[in-house]
Amino acid sequence: MSHDAPSGDFEGFGGRHVPESLEEPLAQLASSFDEIHDTDEFRERFRGYLRDFAGRPTPVFHAERLSEEYGAQIYLKREDLLHGGAHKINNCLGQAILAEEAGKTRLIAETGAGQHGVATAMVGALVGLQTEIYMGKKDAERQTMNVFRMRLMGAEVNEVTRGRSGLADAVDVALEDFAANVEDTHYMVGSVVGPDPFPRMVREFQSVIGREARDQIRDETGRLPDAAVACVGGGSNAIGLFHAFRDDDVDFYGAEGGGKGEGSGQHAAPLAEGEEGVMHGMKTRTLDDDTEVHSVSAGLDYPAVGPEHAMFRAVGRCDYRAVEDDDALDAFRELAELEGIIPALESSHAVALAKEIAAEMDEDDVILVNLSGRGDKDMEQAAEMFELG
């Protein structure tokens, strides 16, 4: 169910809503992507990096104790086992190769939870490109170890203090940098957001998740899952999982950051509670100005969402639900206690949603959850919340 045209139109969502200064650079990037990513040379190099540097393939794990607790068969796609601790490295490797092919000498990126920033710093060091990261001051303060990791690998980290000092503000500053330095700079967008070609480009590089998982779950269970579940901030890990199942009889569920709960005015759930609008160069679903963008997980703390998710919502292909902070924290602890796996707080939202939909299913039904990242980055925050340590 891939409705996008080469222009990045997803049933009226997406597009390229940018200042004139960005139109030509984006057109050049789209042309470069369309020409290069399907070549044998690119695919061979990309697969080699995914295998030898990132650590693919990642396994699918049957979480038996969690399944018994939740009431359906829960399988986890273990993106948390990748180098760097999250799915972000898949996209960064693909974009780094594109940047090199285009003759760029500098990478820039925005980051929220820091996982995309870390992955960008990793590939910058790998291929020898100058790297600069923009991160909201609020996020940098709650993800200090990821800031250190980025700097250790040679990246310059700029803490953004404008606006609400969050991910959206980091994106704004990164776009301004890109517009001013297009000749030598590649903007390493971290999710399926922004103007074309970024949403379809990032999807292409993240779709390895679903392709692997589709084969693995069939090998494990003899059939496809009944449901596929992932957390949704910008939405790249979710699109990465969903894309391989788009034409199958598999229900899609997306877990947004429900924050303090319905009616609180403090959440990050544009699909569940937002409206249509234009942000960061794309037409999509956004939050209004009266909403305080909030999630316990920095990676979901974003006031918009990828346009393909907005399209999936509009056509009824995916059920998006807001998962509150407290429910995500409960799932974080349950997965750790029952399976010995500490998930990222972002991924904990997906686990919490799996618990919710398992209650609506039979015990033999199969739920495939994308465990998009590990919780190392969240340990200090979690220890304070649980009063541990």
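Which residues does His309 touch, not counting residues up to four places away in sequence? In this predicted model, local features need pLDDT of at least 70 and side-chain atom pairs count only at pLDDT 80 or more, whereas totals for chains, interfaces and linings use all residues. Residues are numbered from 1 along each chain as its sequence is written, and side-chain values use heavy atoms, with hydrogens and water left out.

His309 is located in helix α13, residues 307-315; helices (H or I, at least four residues) and strands (E, at least two) are DSSP runs, numbered from the N terminus. With contact defined as heavy atoms within 4.5 Å, His309 touches Val192, Val232, Gly234, Gly235, Ala238, Ile239, Phe242, Leu271 and Tyr320. Its relative accessibility is 0%, and His309 therefore counts as buried (under 20% relative accessible area, with exposed over 50% and partly exposed in between; 1.4 Å probe, protein chains only).

For the chain as a whole, 62% of the 389 residues count as buried. The chain comprises 16 helices and 16 strands. Among contacts between residues at least 6 apart in sequence, 75% join residues at least 24 apart.

An open sheet is formed by four strands in the order β7-β6-β5-β8, with parallel pairing; two strands pair if DSSP finds at least two bridges between them. Strand β5 (residues 106-111) is joined to β8 by three bridges, and Leu107 has His186 in β8 as its bridge partner. Helix α5 (residues 115-127) packs on the sheet, where α5 touches β5 and β6 (130-136), and the direction of α5 makes about 165° with that of β5.

Helices α14 (residues 325-339) and α16 (residues 379-386) pack at an angle of about 105°, their axes being 12 Å apart. Axes are lines fitted to C-alpha atoms, for helices over the stretch in contact, and angles run from 0 to 180 degrees between N-to-C directions. The two helices, α14 and α16, are therefore roughly perpendicular to each other (65 to 115 degrees; under 35 counts as roughly parallel, over 145 as roughly antiparallel and the rest as oblique). Leu329, Phe332 and Arg333 of α14 meet Ala382, Met385 and Phe386 of α16.
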